[in-house]
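Student: Could you show me how to read a pair of packed helices?
Tutor: Gladly, let us look together.

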Amino acid sequence: MRVEVRFAGFGGQGIIKSGIITAAAACIYSGKNAVQTQSYGPESRGGACKSEVVISEEEIDFPKVTSPDVLIVMSQHAYNEYAEKVTPGGTIILDPDMIPHEKKLKNVKIFRVPATKIAEELGRKIIANIVMLGAFSAVTRIVDKESLKKSVKTNVPKGTEELNLTAFEKGYQYGEKLLKS
Amino acid sequence: MKTENNRTVLTGTHFMNGDIACAEGALAAGCKFFAGYPITPATEIAEHLSKRMPEVGGIYIQMEDEIGSIAAVIGASYTGLKAMTATSGPGFSLMQENIGLAVMTEAPCVIVDIMRGGPSTGQPTLPGQQDIMQAKWGSHGDYEIIALAPSSVQEMFDLTIEAFNLSETYRVPTMVLADEVVGHMWEKVVIPPAEKIRIVNRKKPNTSPEKYLPYMPDDDLVPPMACFGEGFSFHATGLTHDEHGYPKTSSSGVQQKLVKRLCEKIRKNADKIVKVREFMVDDAEVIVVAYGIVARAALSAVKEARKTGIKAGLLRPITIWPFPEKLIAKIAEQAKKIVVPEMNCGQLVREVERNVQGTSVVFLSKLGEDPHTPMEILEAIRRNC
């Protein structure tokens with residue numbers, strides 16, 4: 001089955017990195033087929049940014065996302081742009097501190113993860129994307145936790161592995177808590 | 001992607017992006033010289049080779065611009081190195097004059113163009129297929145080049161090797177014409193053991209230095225190439241030259257012989273050079289002709305069309321230049337309609353039209369952020385079946 005995941009926010013939040021980590025986890029560490037594509041503005045930092053992952057047991061012909069099953073969103077602008085494009089019955093994982101204005105959406109599951117705040121508590125705002133990845137793993141189970149952790153470890157800068165894995169774990173725990181509530 | 005070794009061929013399974021796969025393909029092919037100027041969406045090729053070239057004993061130079069980059073690549077090629085540059089539309093435009101020099105002096109080299117939206121600086125971070133005709137006709141004068149269009153990250157690796165092999169075989173600039181999606185996309189790449197990779201090196205003279213004529217072709221129309229520093233008298237000039245390599249600028253005979261040979265060494269070998277991929281073409285009534293990332297949307301559309309009983313097929317030119325004329329003419333005999341989706345205002349479709357007598361050709365243009373979706377191509381198939 002083809003699963004489509006879209007990460008969106010602004011350049012500099014690690015949106016593209018999140019997509020690469022997820023796709024590598026599915027492909028290299030879970031033995032599935034996966035492809036990551038991206039779209040960002042020429043300004044790179046601060047501009048609109050999205051990163052898309054397609055995961056499938058079969059060969060992936062078209063690598064772009066057309067109807068995302070999951071949206072992980074970290075900016076108001078990206079939320080406004082993509083929230084209504086999620087597949088009916090799909091999932092949105094959002095950072096409520098970055099997205100103060102939510103729309104009334106029907107037929108989607110919404111998980112609010114204060115990833116930026118959690119990252120700040122860990123001392124590095126820049127790892128908010130990894131907190132979101134942890135939550136993504138817990139609430140969707142699309143890619144298993146251990147594969148994602150391995151992929152986080154190999155895809156983050158040297159010396160930051162422990163910090164990133166802690167961020168992942170915090171996000172995972174927050175996601176599990178949301179599932180139970 | 002991080003590398004911490006001095007292996008030239010990174011045998012194994014990797015998750016990498018198209019640009020990095022291209023860079024690794026170049027190294028696996030034996031490329032030892034890269035000169036370039038960073039430009040989105042080709043920058044990662046330069047960035048990766050700036051790390052990897054020193055690891056494998058090669059040379060990386062960031063030049064002052066793209067004119068200097070291609071000039072340095074041609075110079076390196078004259079000394080016997082396999083050399084490459086990588087750029088995008090604006091840089092590709094700047095390289096055109098010296099691409100003519102590489103053609104005229106028969107300097108093997110590989111030019112990678114990761115196509116973004118143009119004209120001019122256009123859309124730096126978004127895909128296009130707008131340099132198709134420029135690749136063929138961008139420099140002045142009559143000539144032939146070879147251009148390959150990858151559709152996946154694996155092909156960025158494989159076809160970069162193939163580009164070097166073709167370039168060395170025919171002593172002609174060879175282009176890897178990829179689009180931004182393929183360049184930036186991350187996918188699985190399997191790099192085979194070095195001994196399993198087919199490598200071609202340019203022909204060397206088998207005569208003594210006294211008897212060597214640097215532009216005297218063999219039967220395949222390609223002259224063996226001595227390089228600077230090998231003890232042979234080797235000349236290079238952009239002026240019309242005879243077999244010695246000396247300028248002969250007022251002889252119609254020399255001009256005819258040289259320019260015709262430069263064209264014919266590719267045209268007469270086209271059957272050996274041309275590669276396409278076919279999918280369910282045999283009984284197809286509607287055939288999509290697509291390349292690069294668009295071919296993947298087309299493949300998905302053709303599979304969907306087949307599910308509903310429409311006899312659709314896909315022909316994907318891997319070789320864009322020389323254009324697979326004979327194969328297109330052949331499918332046109334059976335197909336009722338040919339659909340050509342491209343991320344431009346109509347470029348390769350002209351070549352398709354030129355080679356299909358009587359069969360109607362439907363062009364599907366897409367410009368801007370994303371390539372055609374499978375649904376858009378499927379609708380075109382449905383309208384034309």
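Student: In which hand does α10(B) pass α13(B)?
Tutor: The crossing of α10(B) over α13(B) is right-handed, a word used if the near helix is turned clockwise from the far one by less than a right angle, with anticlockwise giving left-handed. This is a predicted model, where local features need pLDDT of at least 70, side-chain atom pairs count only at pLDDT 80 or more, and totals for chains, interfaces and linings use all residues. Residues are numbered from 1 along each chain as its sequence is written, chains are lettered from A in the order in which they are written, and side-chain values use heavy atoms, without hydrogens and water.

Student: What angle and axis distance do α10(B) and α13(B) have?
Tutor: Two packed helices are described by the angle between their axes and the distance between the axes. Here α10 (residues 292–307) and α13 (residues 374–383) of chain B pack at about 55 degrees, their axes 8 Å apart. Axes are lines fitted to C-alpha atoms over the stretch in contact, with angles from 0 to 180 degrees between N-to-C directions; helices are DSSP runs (H or I, at least four residues), numbered from the N terminus. α10(B) and α13(B) are therefore oblique to each other (under 35 degrees is roughly parallel, over 145 roughly antiparallel, 65 to 115 roughly perpendicular, the rest oblique).

Student: Which residues of α13(B) meet α10(B)?
Tutor: P374(B), I377(B), L378(B) and I381(B) do, against α10(B) residues including V294(B) and A297(B).

Student: And how do α1(A) and α4(A) pack?
Tutor: Their angle is about 40 degrees, with axes 10 Å apart, and the crossing is right-handed.

Methods
Helices (H or I, at least four residues) and strands (E, at least two) are DSSP runs, numbered from the N terminus. Contact means heavy atoms within 4.5 Å.
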